[in-house]
Amino acid sequence: MPLSRAFGLPLLAVVGLLLSFGPPNAAQAQVFNPESGVLDNGLQVVVVTNRRAPVVTHMLWYKVGSADEPLGKSGIAHYLEHLMFKGTENLGEGEFSEIIARNGGRENAFTSFDYTGYFQIVASDRLALMMEHEADRMANLVLTDEVTLPERDVILEERSTRIDNQPGGQLGEMSRASLFVHHPYGRPIIGWRSEMEQLSTQDALDFYETWYAPNNAVLIVAGDVSFDEVMELAEKTYGKIPARDVPERNRVVEPPHWAPQRVSLSSDQVGQPSFSISYHAPSYNLDPEGQAYALEVLSEILTGNTGLFYDELVRDQKLAVAAGAYYSGDSLDLGTFGVYASPVAGVDIETLEEATRALIDRVVAEGIPAEELEKAKRRLTDSAVFARDDASTAARVFGQALTSGLTIEDVEDWPNRIEAVSLEDVNAAARAVFSDSTGSVTAVLLRADDERS
Amino acid sequence: MQTLFALLVAGRRSFRLAIPTVLLAVVLALPATAAEVKRVVSPGGIEAWLVEDNSNPLISVEIGFRGGAVLDPDGREGTASMTAALLDEGAGELDSVTFQEELNDRSISLRFSAGYDRFGASLRFLTRERDRAFELLRLALTDARFDEEAVERIRGQMQASARRRAQDPSSIAWTALGRLVQGEHPYGRSARGTESTLAAVTADDMRAFVKDSIARDRMFIGVAGDITAEELGPLLDETFGDLPATGSATVIPETSPRSEGGLAIIERPVPQSIAVMAQPGITRDDPDYYTAFALNYVLGGGSFASRLMQEVREERGLAYSVYSALSPRDEGGLIVASVGTRNDGVAESIDIMRDEWRRFAEEGPTAEELADAKTFLTGSFPLRLDSLRGIAGMLLGMQMEDLGIDYIDRRNDYIEAITLEEAKRVAKRLFDDGQLSIVVVGQPEGLTATLDAPSGS
């Protein structure tokens, strides 16, 4: 299937699917069987042993992301992530990367709204070296204008690549800013250009000193290693760094919206039109009505090659080349639920949008077909076995969960909670999310030709 | 919406702008394991290579057939890709919906793909679905329906993708470069087709592709996971026994990629110019391949220590993404590179890359650079084997590239054996900035085109 998968949600799919797993049956009720502990300085440690290859994934996740940035400093969390490779009191610029490469390791780092993470994948006998240097840059980062200023140009180029060169990226940025008019989830992770251009070395150091502390981090090691080995190494490395006061992550609350919003962008650079409707939704962490698990099942039923949206809009009505839904519930604060579709050549976007809204109305009015519930739940629980195939998936799942307000138990018990979802739960969740018409944002991407015609 | 969440995670190191599908076929990934590789030959004589691993109730199967988009009829480019998209859209008694629902309800992942030189199938399933998974694969390979509804639906989807690529700066650049460097050779065409060539593909074209190309004489199979050699043997006969023993002769024309150099500009109103470049390269079976592989790592092959990364990004902040890569093909091969820089800086980026290219040819790597490359390339080899799919894919690659069943044990020896002297010789042999054809898409400042952009771009 070429388009339906490729069309959807490249990064979201990865992030969202991280929580979409579960074991084959409820009796086992364990997904990864991790072991965990806490160092005296507050660093949480999670170990998932997997002996397939003599390799470990070593990840350090900080409980801070772009949504924690001071006003006017958008992009600083991501900028700091880049600058964490610039050296410490003990190592020169890029030297940690050189050490990793010389030891046959791979590394990366990433920033999201709620977390910032760093990882290396290396032969298991090199784990101590990784921990030594990751701990070093938790405490001893050194930054000067000489290294920070060229890197600021790099993140500006990164912004051009992701957003400024891409009409779809531009529209996504506006859509998100509309869905969150007050909450910092409305700010792009990479930052607004005008603010990025002003970010300083001191801004990065301030952010680092405020948030980067052992008691605000989670260490996850997955692969060919035991819990005791990891704890011993962690004590010797991270354990030397004293705990510090870290601010509460008190985010402002998104107010109820009085009016639905619509953002539309037409450009000669658009080759294929598309649209989406985004809604506020509970997250796993903020879920007063207990609907997160039902929303996970709902999105599973609505999306994919045999999902309701594809069946109706692509196969039956022949209006769309792609159509689906997603649930993004893995955030500290409000989550999102969305639907999307892209028209067949010759079908205008209004017609497709109308049909999509009619389908949403039908889901709300009639509920989802009962026979789809058990199938969807089985697919979700089956995916647990696939999630165990490589060690780094476990590390990413726990990192994301533990920096977004969830616990190890939430992850391990996830399949049981999916199993417990009833048809009425799914239908109630669908009604709740889709009925918030004033909170929704419709984003329309058009070819310049389409708009002129 | 693919756009909405493009920024959820802004990683520091996703520095490949886009996979340059037109030029860069699969640069073979070659992992390492202590696992034993078994050669399984079925009672009917069908061979597969297997790594048994029962740590999870999972099985991964990777299959390759020689031949792919390179065989697409002229004017109907995209035939192999469209075939790949339709094999799982109904087969035997099962129509599209039934087939897809069964895959989904059983959590069986079955995907087909078409590169220039290879048609692939990738199958992944839980042990409990083993027999049905192989049966659905058999149906797809031997009895695909190509129902009109499915053909038109998939055509529409692929054309939508083609329209999107036609406006994407990076896709525009790679497509034009492929045409420029490969000329009329099939490698210069789009493997996924264009809106108009996809319109011309018929169900009969796809049936002909299957008949000519899905045959046992060009098939290779890698299997990893919760299955024994004894269990696999009979399944091979049941699944592949009905395939024709031989397909039609497939001769890929010889290539002579452009080596005259030059620069073409395609104007697009974007703030960041995308520059892509290529020169003639090396085939996988060339005796200098491993040396070239290590050399590319030093020049721009992925680490932050690479020369292109250091000079263009780290020192000057000119780019987020800058890299070089080997793009080996069955016939010929290319060395490619790419950078994305703001319009008023792209000329400087290209100058630096050309200078590094020239310096590399003249001096080769330093002893330290070569030593670092060797420790990375040997040390990272096992990382590729931490999933069943990685293992099965390697078993397939080992067969298709004729590397030998003990390749996993020997591979690092090839890397270790590279000497500095040899590295310098091969650098001089391969890298020539005068041979670089360059295509820039954007509004570059301070650059003068010496070539016309290929027609159709």
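## Domain layout

Chain A splits into domain 1 (3-18 + 262-452) and domain 2 (42-240), with bounds from an automatic or database domain assignment. Their C-alpha centres lie 28 Å apart. Domain 1 of chain A brings 35 residues to the contact and domain 2 of chain A brings 28 residues; contact means heavy atoms within 4.5 Å.

This is a predicted model, where local features need pLDDT of at least 70, side-chain atom pairs count only at pLDDT 80 or more, and totals for chains, interfaces and linings use all residues. Residues are numbered from 1 along each chain as its sequence is written, chains are lettered from A and ligands numbered from 1 in the order written, and side-chain values use heavy atoms, without hydrogens and water.

## Buried area

The two domains of chain A bury about 2400 Å² between them. Buried area is the accessible area (1.4 Å probe) lost when two parts are put together, summed over both. Carbon and sulfur atoms give 71% of that area. On the domain 1 side, A:A395, A:L402 and A:T403 supply 21% of the area buried against domain 2, more than any other three residues.

The rule finds one salt bridge across the interface, a salt bridge being a side-chain nitrogen of Lys or Arg within 4 Å of a carboxyl oxygen of Asp or Glu. A:D389 forms a salt bridge with A:R52, the closest N and O atoms being 2.8 Å apart.

## Elements on the domain 1 side

β7 (261-267), β8 (274-281), α15 (391-402) and β11 (441-447) of chain A each supply at least two residues to the side touching domain 2. Helices (H or I, at least four residues) and strands (E, at least two) are DSSP runs, numbered from the N terminus. α15(A) gives the most, with nine residues.
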